[in-house]
Amino acid sequence: MKLATLKDGMRDGKLVVVSRDLTRYADASFLVPTLQAALDDWQRISPHLEALYEGVEHRSIPYDRFHEHHAHSPLPRAYQWADGSAYVNHVELVRKARGAEMPANLWTDPLMYQGGSDSFLGPRDPILIGDITWGVDMEGEIAVIVGDVPQGATVDEARAAIRLVMLVNDISLRGLIPGELAKGFGFFQSKPSSAFSPVAVTPDELGEAWDGGKVHLPLLVEYNGKPFGRANAGVDMTFDFPTLIAHAAKTRPLCAGTIIGSGTVSNKLDGGPGKPIAEGGAGYSCIAEIRTIETLEHGAPKTPFMHFGDTVRIEMKDKDGHSIFGAIEQKVEKYER
């Protein structure tokens with residue numbers, strides 16, 4: 001099933017069920033007002049949402065036209081947003097860019113940070129930035145929403161807790177990251193509000209592309225209207241989602257509605273760094289990665305970070321070319337208080 005949250009003037013929006021082709025929706029708020037409320041009572045509520053989904057899919061119940069521009073992130077705010085770095089190729093490259101060592105245990109123990117989850121952006125909301133010199137970058141990722149996960153959960157228990165899958169633009173301010181990390185206490189100002197896809201889907205909607213822990217499809221990133229990335233999310237993912245969830249729950253439980261991110265999707269090419277799409281590679285899901293490769297090859301980066309007016313589009317399509325989650329499409333704009 002496919003679920004979305006429509007902007008309705010309230011902070012947490014209104015839960016709706018969306019047709020598989022993303023053209024129609026049925027109001028689900030008579031069953032449960034928000035997606036968080038549905039996740040809190042998933043075992044009881046999800047069968048009713050599934051029945052509603054079948055109804056809108058077969059046009060047997062009243063429905064309205066679904067417009068992605070009217071959607072908020074599926075969870076406009078969440079109790080927790082923890083983002084991993086499952087694609088260690090990406091971690092290795094961006095650490096090289098800022099002259100940081102690559103600890104050997106990053107290949108065996110997931111890297112994860114706790115992001116701000118109180119003010120997610122809608123998938124078509126602008127990226128509002130106060131100072132363009134902060135180094136604005138997009139990061140195309142996959143994320144899952146889980147049900148309740150007990151402390152010390154096994155990988156199998158973590159797998160069983162996955163409720164929904166969606167896409168992410170985990171916006172980063174690259175110019176602020178080195179100074180923050182140098183303090184030894186992690187990201188904060190360098191990680192503004194993230195945006196998620198218009199629709200979150202149950203894993204069964206992915207069919208054979210979902211293996212229980214990874215999504216085996218390309219993540220399509222367009223930058224200013226041109227293809228920028230098509231890295232396969234199921235390739236070079238060192239830690240799958242059940243592993244990331246179990247890692248997050250090692251010392252504390254995770255409540256229903258917790259979002260776990262994959263980190264920037266990144267593919268190698270013949271064992272080495274990836275290449276641009278124009279050169280036969282899978283491209284990139286963030287600007288920092290291509291800048292690192294340019295530095296390694298030419299001594300300095302050539303691709304600038306995002307400027308005011310630049311746009312990014314992040315989407316994933318099934319094997320027949322149909323959009324699964326809808327598209328995140330955002331423009332960088334000047335923040336004026």
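**Figure 1. Helix H2 and its buried residues in the predicted model.** Trp42, Ile45, Ser46, Leu49, Leu52, Tyr53, Gly55 and Val56 are the buried residues of H2, where buried denotes under 20% relative accessible area, exposed over 50% and partly exposed in between (1.4 Å probe, protein chains only). These residues pack against strand S1 (2–6), strand S2 (14–18), strand S3 (24–27), helix H1 (35–40) and S11; contact is taken as heavy atoms within 4.5 Å. Helices (H or I, at least four residues) and strands (E, at least two) are DSSP runs, numbered from the N terminus. H2 (residues 42–57) has 16 residues and reaches 21 Å from its first C-alpha to its last, close to the 22 Å expected at 1.5 Å a residue; the expected span is 1.5 Å times one less than the number of residues. Just after H2, Arg59 adopts a positive phi of about 55°. This is a predicted model, in which local features need pLDDT of at least 70 and side-chain atom pairs count only at pLDDT 80 or more, while totals for chains, interfaces and linings use all residues. Residues are numbered from 1 along each chain as its sequence is written, and side-chain values use heavy atoms, with hydrogens and water left out.

**Figure 2. Asn169 in strand S11.** Asn169 belongs to S11 (residues 162–169) and counts as buried because its relative accessibility is 0%. The Asn169 side chain reaches the backbone nitrogen of Glu139 at 3.1 Å. Not counting residues up to four places away in sequence, Asn169 touches Ile127, Met138, Glu139, Ser194, Ala195, Val312, Ile314, Ile328 and Gln330.

**Figure 3. Helix H7 and the residue that follows.** The 12 residues of H7 (residues 287–298) should span 16 Å at 1.5 Å a residue, and the end C-alpha atoms are 16 Å apart, which agrees. Buried in H7 are Ile287, Ala288, Glu289, Ile290, Thr292, Ile293 and Glu294. Gly299 follows H7 and has a positive phi, near 90°.

**Figure 4. Aromatic pairs and charges over rings.** Rings of Phe, Tyr and Trp (its six-membered ring) pair if their centres lie within 6.5 Å; planes under 30 degrees apart count as stacked, over 60 as edge-to-face and the rest as tilted. The count by this rule is six aromatic pairs. The ring centres of Tyr113 and Phe187 are 5.0 Å apart with planes at 75°, so this pair is edge-to-face. Tyr113 lies in strand S7 (residues 112–115) and Phe187 in the loop between helix H5 (177–182) and strand S13 (195–196), so the pair ties together parts that are 74 residues apart in sequence. Tyr113 counts as buried at 15% relative accessibility, whereas Phe187 counts as partly exposed at 27%. Tyr223 and Phe228 also form an edge-to-face pair, 5.7 Å centre to centre with 75° between the planes, and both residues are buried. Ring pairs link Trp81, Phe120 and Phe196 into a cluster. A charge sits over a ring if NZ of Lys or CZ of Arg is within 6 Å of the ring centre and within 35 degrees of the ring normal. Lys191 lies over the face of Phe187, 5.2 Å from the ring centre, and Arg24 over that of Tyr63, at 5.6 Å.

**Figure 5. The largest nonpolar core.** A nonpolar core is a set of buried Ala, Val, Leu, Ile, Met, Phe, Trp, Tyr and Cys residues joined through side-chain atoms within 4.5 Å. Of the 70 residues in the largest core, Ile142, Val165, Ile245 and Met316 touch the most other members. Helix H6 (residues 241–248) gives the most to this core, with five residues.

How values were computed: A polar contact is a pair of N or O atoms within 3.5 Å; within protein, one must be able to donate a hydrogen and the other to accept it, and residues adjacent in sequence count only if both atoms are side-chain atoms.
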